[in-house]
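Please look over the sequence and the model before reading on.

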Amino acid sequence: PGRSDKNRTLRRSPIGIYTVLRESFPPQENSRPSKYTQYFSVREPPCEEKSSPQNCEARQRERFCCKTNKNAMAKLGKKAMVVTGRTSAKKNGAQKDVTDALEALGIAWVLFDEIGENPDVETVERAAKIAIEEGVEFFVGIGGGSPMDASKAISVMAAAPEKGTDALWDANAKALPIVAVPTTAGTGSEVTQYAILTLHAKKTKSSIAAHIFADVSYLDPKYMDTLPAKTTNNTAVDALTHLIESYLSVKANYVSRKIVEMGLSIFKDCIPDLKARNYPAETRDKLMLMSALGGAAIAQTMTSLPHGMGYFLTYEKGLPHGMANGVLTQAYVEQFPEGDENVAKLLECLGFADTAELGAFLDDVLDHEATYTEDDLNYYTDRFMEQTGKIATFPYPLTRDDIYHMYQKSLMK
């Protein structure tokens, strides 16, 4: 879709394949950034300069994706709101890289750094009021899925101040421009149209109604270098479940499955390091690329059962989103009939002999310690059966007993 500079609104076209991943070579000074531009930095090949190994290592790790491609933000507006969590964007350097780039472009900015995990509507509403008062013209979401999703929701509210939170549930709502800077490899929000918010009134999570893509995304794996092992593994599994659910969805097609197969093959390379909780530079790079591919896939197909079922584990038990999806994934795959060719192909891409091996891997990399009761399982099952959209993505008939037994196999081991 294009953006009208005159009235600051977006014209949304039907969702298209969005897989523009390219190394961040410096653009021409006067080049005009294309819409839906994604810049992907990778570490340089080994340095041949033996005289100064310290300088060589520094150059290899300083990718400066945002700085190198800052001109992509030049025409988005005169004032930005930088949307982050409380500390991580400061610690990993992403916030400074973004604000330095904005200042170099002469763009004013304000900071909203109150986005917590699984942001709620109330937080988004508070940020939108500040953005409206400050005259913000575009948004930069820095972090995992929470800040990026929140920035999309805030931009929708800021584009229609008179509607308040009702704008979030208007499928035709417009949005101000958005820049996404992922600092984890998991949600793929930088390339999807979804913005997931916590709804306390309903005790669950849901996407806003409008489909909002970022106008520009900067993918720089260096921001993941400070991630702890638990967060790295939880987010990596989130991306894996995107790939798996997209591949098995009734909405999958030839092209989306080829995207997934590419992502699964990259994930396969990362499995030993995820199990060892050891993340060399190359693995971080691969995880970020794999996550973007997972996002591109679910932008076509939506997510499926584990995501919808996992929302209740996150809300009721506090499980991180990726972990909630991951603990349900083996049972989900085993819900397909024996001999399903798509299940066989995805296991082949991952290098697993069967679903038991997939489940053992997930158990190994996820530190899942929550406990559950039969009442919990019945409550989750009844609530999930309300999600007819998620159920419709499964290619075979499903009953309440099927969903209950998936929860039981996953949570009552």
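## Confidence

pLDDT is the predictor's confidence in each residue, on a scale from 0 to 100. The structure shown is a predicted model. Over residues 1–35, pLDDT stays under 50, and the model has 83 contacts beyond four places in sequence for this stretch. Residues 45–61 also stay under 50, with 14 contacts beyond four places in sequence.

For the chain as a whole, the average pLDDT is 88. A score of at least 70 is reached by 85% of the residues.

## Helix H7 against H11

Helix H7 covers residues 229–248 and helix H11 covers residues 321–334. Their axes come within 8 Å and cross at roughly 40 degrees. H7 and H11 are therefore oblique to each other, and the crossing is left-handed.

On the H7 side, the contact is made by Asn234, Val237, Asp238, Thr241, Ile244, Glu245 and Leu248. H11 contributes His321, Gly322, Met323, Asn325, Gly326, Thr329, Tyr332 and Val333. Sorted by class, this contact has 6 nonpolar, 7 polar and 2 charged residues.

## Helix H7 against H8

Helix H8 spans residues 254–276, and its axis comes within 10 Å of that of H7. The two axes cross at roughly 150 degrees, which makes H7 roughly antiparallel to H8. This crossing, too, is left-handed.

Thr232, Asn233, Ala236, Leu240, Leu243, Ser246 and Tyr247 of H7 meet residues of H8 that include Arg257, Val260, Glu261 and Phe267. The contact of H7 with H8 has 8 nonpolar, 4 polar and 2 charged residues.

## Helix H7 against H9

Helix H9 runs over residues 281–301. The axes of H7 and H9 come within 8 Å and cross at roughly 40 degrees, and H7 passes H9 in a left-handed crossing.

From H7, the contact involves Thr232, Ala236, Ala239, Leu240, His242, Leu243 and Ser246. Among the H9 residues taking part are Arg284, Leu287, Met290, Leu293, Ala297 and Ile298. By class there are 9 nonpolar, 6 polar and 1 charged residues in the contact of H7 with H9.

## Salt bridges

The structure holds 16 salt bridges. One of them joins Lys222 and Asp97, with the closest N and O atoms 3.1 Å apart. Lys222 lies in the loop between strand E11 (216–219) and H7, while Asp97 is in helix H4 (residues 94–104), so the pair ties together parts that are 125 residues apart in sequence.

Technical notes. Residues are numbered from 1 along each chain as its sequence is written. This is a predicted model: local features need pLDDT of at least 70, side-chain atom pairs count only at pLDDT 80 or more; totals for chains, interfaces and linings use all residues. Side-chain values use heavy atoms; hydrogens and water are left out. Axes are lines fitted to C-alpha atoms, for helices over the stretch in contact, and angles run from 0 to 180 degrees between N-to-C directions. Helices (H or I, at least four residues) and strands (E, at least two) are DSSP runs, numbered from the N terminus. Angles under 35 degrees count as roughly parallel, over 145 as roughly antiparallel, 65 to 115 as roughly perpendicular and the rest as oblique. A crossing is left-handed if the near helix is turned anticlockwise from the far one by less than a right angle, and right-handed if clockwise. Contact means heavy atoms within 4.5 Å. Ala, Val, Leu, Ile, Met, Phe, Trp, Tyr, Cys and Pro count as nonpolar, Asp, Glu, Lys and Arg as charged, and the others, Gly among them, as polar. A salt bridge is a side-chain nitrogen of Lys or Arg within 4 Å of a carboxyl oxygen of Asp or Glu.
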